[in-house]
Every structure is written in structure tokens, then in C-alpha cells.
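Here are my notes on the two-chain model you sent over. Have the structure open while you go through them.

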Amino acid sequence: MYQSFQEIIEIEKNTGKSFWEIIRDNDCREMEITEEEAFLRMRGMYEAMQSADEAYEPNLTSTSGLVGGDGEKAANARRRGTMLCGSFLGLVMEKAIKMGESNACMKRIVAAPTAGSCGVLPAVFLSLEQDKGYSREEMVKALYVSAGIGGIIAQRASVSGAAGGCQAEIGAASAMAAGGVAFLLGGDTEAIAHAAALAMKNLLGLACDPVAGLVEVPCVKRNVIGAVNALTSADLSNAGIRSKIPPDEVFDAMRSVGRILPEDLKETGKGGLAATPTGIAFRENLKSF
Amino acid sequence: MNSFDIIGPVMVGPSSSHTAGAVKIGNISRKLLGVPVQKADIFFHGSFLATGKGHGTDRALIAGLLGFAVDDSRIPDSFRYAHEADMDYRLSGIDLGDVHPNSVKLLLQGEGQRKIEIVAASTGGGAIRVTEIDGLPANFSGDYPTLVVNNLDQPGHVTEITSMLSHKSINIATMQLYRSSKGGNAVIILECDQEVPENAIKWLAHLEGILKVTYLGLADRYTSKL
């Protein structure tokens, strides 16, 4: 995987290959597989996301009882047409919550990049495919773009809430999705990089403060902001708007913010929402072995 | 690093460390025991103890002991499958001291009175490490074919094992030696680049001074193929 957008932009200049092909070629070398095998494997991930979306069960509740059923409420509001955000964004929001809830309820999901942020990419991509008529092949390429961005983030900063706070989970997923959407909108590597950077800038410093230490509150609903933020960032980038801070530097900033964040806000369940009276009460009511 | 370290794994939620990692620990422990698990005494430590119930760590670990993969939809119902498989289990808490917060200790018993005691940790993103076997230290991930030899602490056993591996054209990736005391019980752990054949393992097990040979092959993966 590549450590900077700059490196990928250079390769694009020298070879004429697009972002997704550069990332796929790297997989072929690393995993000693053919281009077709690499593509099929990513397609498998996309289809696993789709199956997970379809397998949502509105009546399930998580073991703690904190999570379940909200995806159905969002779906009903969208069907009634009462959502100010409109039917497309409504669909994105609904899918993001559903996947987060499925994860909390021990259903099969695709960690992308983590289990806690597993709703962002499918919410964005499945909705685009369903509502805007993109082909399956284009979606798999977009997912490859997201993987490449995730690789840069993992190496320049982190994709672990315990190491970098929620910016490293929902933030990373949002940047990954933003780049994928920029690609679908016809953007080149520069547009992809700026979409990712714009998305990350909005979520820099996001605390990882899970109530009772569980991947439930606020994780499930944060998938919504990750997904919607990805779409607005991609739209901005597609409009020609650029991040004044270069993308690679944005992710360096993310790394330093992750370091500065206190431990209480890095998946320890000690600070933020977890430390509210209600959060503490939830923790105390939790069953142990 | 490749794209599927970022997009993936396909897993049963909610947590890569507390759920998928726990399945892997169960899986590796089952393979280290070498026979189906009949009795399991499981002790959760630290964060596993504090938030394990809410993360399904208990069900994930039992699923792993039953040989389920990390993306197996039966994981939430693993207690029922354990019952059907006649697997007895007991879950409780423990303070293992200064170890990784996501640690668990397992006392396993299987067919033929075969027993093993394992301490393992889920170190993040679904990665795990076995940190203790039968009271002696260990440090391996289960990502490689791994040979664990319990022997008496006496000269020659390392040579016997390494010459056998050389003879079978097996490259050693890492090697660890630990002992309880001079001349006492020792353990040799080798992570290899190739699989170790069954006849070689049997040959080792019958050597004088070798107490037990445990082998962890790559035969079954934690995530089913897509």
C-alpha cells in the first residue's frame, strides 16, 4: 500500500493508470494474484456488504439493549417522505444506521476499515448503485479507491479508535468513502485526494467515547454523519473546491491529533458520552460473567 | 499490507478485537488441543471481563472452540451449538495481573484426556497472540504453521527438531525457547513458512525427552472463502 497521495499522483502521471488500478496492481504483487482474482475478491467484499444490508432485522436488539430498531424508523420516515434531506440522503442515512445496528446485534458485516465504522461505505455505495444507476463494476472500482485511501490513512495515521480516537474509525471511513464517490463522479486522483481530505478535516479530533465500552452508543449513529459527510465532501471536490491544506498534510494532522487526544477519549469508555451520568448508569447495569 | 487489510474481514460484529479476535483465540486453542473440546474452563481478564458480555466475547470464544470461522452466522447461538456438541463450558472472571487488557485463560480438555492450558490476548483489529501454554511463556500469532514442543530441558532437542525441519525443507520463521527451571520442563515454539507433515510430528512425539507435541496448521482459515 502507498503512504501518500503524492506517490499515487506520480504513478498516475508516469503510467497513465487510474487510482483504483494502481491500488489493485499493488494487491496483485503483495498477494501474488492476478488482476481478475483481485477484482473478484473486492467484488466479494462489495457483495458481502450488500448481503449484510439486506439481512437487517428490525426486531433485533443488542445484548446490552441499547441498540436496535432505529434503522426501521429511518426507513419509515423516508418512505413517508418527511425527511428534509430528501429520499436519496434518507436512503444513505437509513443504510448507515441499519449496518451499525446489525453489527451491534452480532450480524455478519464487513469491517471497513473497522467494525464500528462498517456502515459508512455500504451506506454510500449501495445507495449510489441503487439510486443513481452506477454499474456493479464501477462500484467495485470505487471500493478499490476507498481501500487505497484507507491504506494511506493506516500508514500515515491510524484506523484504530484505541490509537487515534473516532476520527480514525468514522473519520477514516468517511474519507475513504468520499474518495470513492469522487472517483464515481469522474474525478482524477487529485479530486479523489481532496475529497478524502475535505471529509477528514470535518471529523478531525472526533472522540472515541463508547458508552459502557460497547460499539453501540454513539458508534451506530455516527455512521450516518460519516456517510453524509463523504457525499458532501465529494460534491465539493467535484465542484473544483480544494482543501487549502494538502491531503497528505491533512492526514499527518490527523496522526498528531490522535496522539494528543487524551486516553479517556480513545476507546477506553472513560470520557465523553461514556462519562455522563446516563453513560455511567448504563455501564453499571451491564451484566458480567 | 493489501486492500483486504482495510476492506475486510467479513465478520460477525460488533468488535474486531472483542468478537472476531475472541473467535480466533477459540479457534487456535481448539487446534492446539488437537481434538474436539469436551470441557472448557474460560477465565476473562481486563477489558474482556468488563465489556465482554456486551461484545459477545463469551459466545465468540465458544464459537471458536467449536471451530466456527469469524464470519459464521451461528456465532450468536454458539451456546446452543456447544450444548448439541456435548461441550461443557464454564465462564468466569480472573485477574491475570500485568497482561494485555484483552486477555483470556482457557483450560481445555478433549478426547483421550488430552488437556491444554492457554493464555491468549486479542491485540486489535482481529489480531491475536498466544502468550502462555501449559504455564510456560509463548508469543505467537497463529498466522504461521506453528510447532509447539514440550520437552525436558536437556541437550539435543533443538537439534533434533531443526534437523527434522531442514530434512523436510521447512524454513523456520521464528523460534522461541522457554523453561520453568534448569533441567525442568521446557517449551520450544517454532513458526514455520511451510506446513509440517503429520508423520514428522508423530516422529518427534516419540523421541526420548519429548513430552508433548502440538501443531497448529493452516488447514482451516478463520474467514470462510468468498
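1. A definition to begin with: the radius of gyration here is taken over C-alpha atoms, and the rule for a globule is 2.2 Å times the number of residues to the power 0.38. For the 289 residues of chain A, a compact globule would come out near 19 Å, and chain A has 18 Å, so the two agree. Along the principal axes, the C-alpha atoms of chain A fill a box of roughly 60 × 45 × 40 Å.

2. Some housekeeping. This is a predicted model, where local features need pLDDT of at least 70 and side-chain atom pairs count only at pLDDT 80 or more, while totals for chains, interfaces and linings use all residues. Residues are numbered from 1 along each chain as its sequence is written, and chains are lettered from A, with ligands numbered from 1, in the order in which they are written.

3. Chain A has 13 helices and one strand. Both kinds of element are DSSP runs numbered from the N terminus (helices are H or I with at least four residues, strands are E with at least two). Reading from the N terminus, the order is α-α-α-α-α-β-α-α-α-α-α-α-α-α.

4. How much of chain A is buried? The figure is 57% of its 289 residues, where buried means 20 or more other C-beta atoms within 10 Å of the residue's own, exposed means 12 or fewer, and partly exposed is in between, with C-beta atoms placed from the backbone. Take the contacts in chain A between residues at least 6 apart in sequence: 76% of them join residues at least 24 apart. A contact means C-beta atoms, placed from the backbone, within 7 Å.

5. Now look at where the chains meet. Chain A puts in 42 residues and chain B 36 residues. On chain A's side, the elements giving two or more residues are H2 (19–31), H3 (35–54), H5 (86–104), S1 (108–110) and H7 (136–156). H7(A) has the largest share, with seven residues. By type, chain A's side splits into 24 nonpolar, 12 polar and six charged (nonpolar: Ala, Val, Leu, Ile, Met, Phe, Trp, Tyr, Cys and Pro; charged: Asp, Glu, Lys and Arg; polar: the others, Gly among them).

6. Strands also link the chains. S1(A) is joined by three bridges to S1(B) (residues 10–12), and the two run antiparallel; strands pair if DSSP finds at least two bridges between them. A:Ile109 has B:Met11 as its bridge partner.

7. Back in chain A, H2(A) and H3(A) pack at about 110°, with axes 9 Å apart. Axes are lines fitted to C-alpha atoms, for helices over the stretch in contact, and angles run from 0 to 180 degrees between N-to-C directions. That makes H2(A) roughly perpendicular to H3(A), a label used for 65 to 115 degrees (under 35 is roughly parallel, over 145 roughly antiparallel, the rest oblique). A:Arg24, A:Asp27 and A:Cys28 of H2(A) meet A:Glu35, A:Ala38 and A:Phe39 of H3(A).

8. Chain B holds an open six-stranded sheet with mixed pairing, in the order S3-S2-S4-S5-S6-S7. Its edge strands are S3(B) (88–93) and S7(B) (136–140). S6(B) and S7(B) form a hairpin with two residues between them, and B:Asp134 in the turn has a positive phi of about 50°. H3(B) (residues 57–65) lies across S2, S3 and S4 of chain B, at about 150° to S2(B).

Terms used
Two residues are in contact if their C-beta atoms, placed from the backbone, lie within 7 Å.
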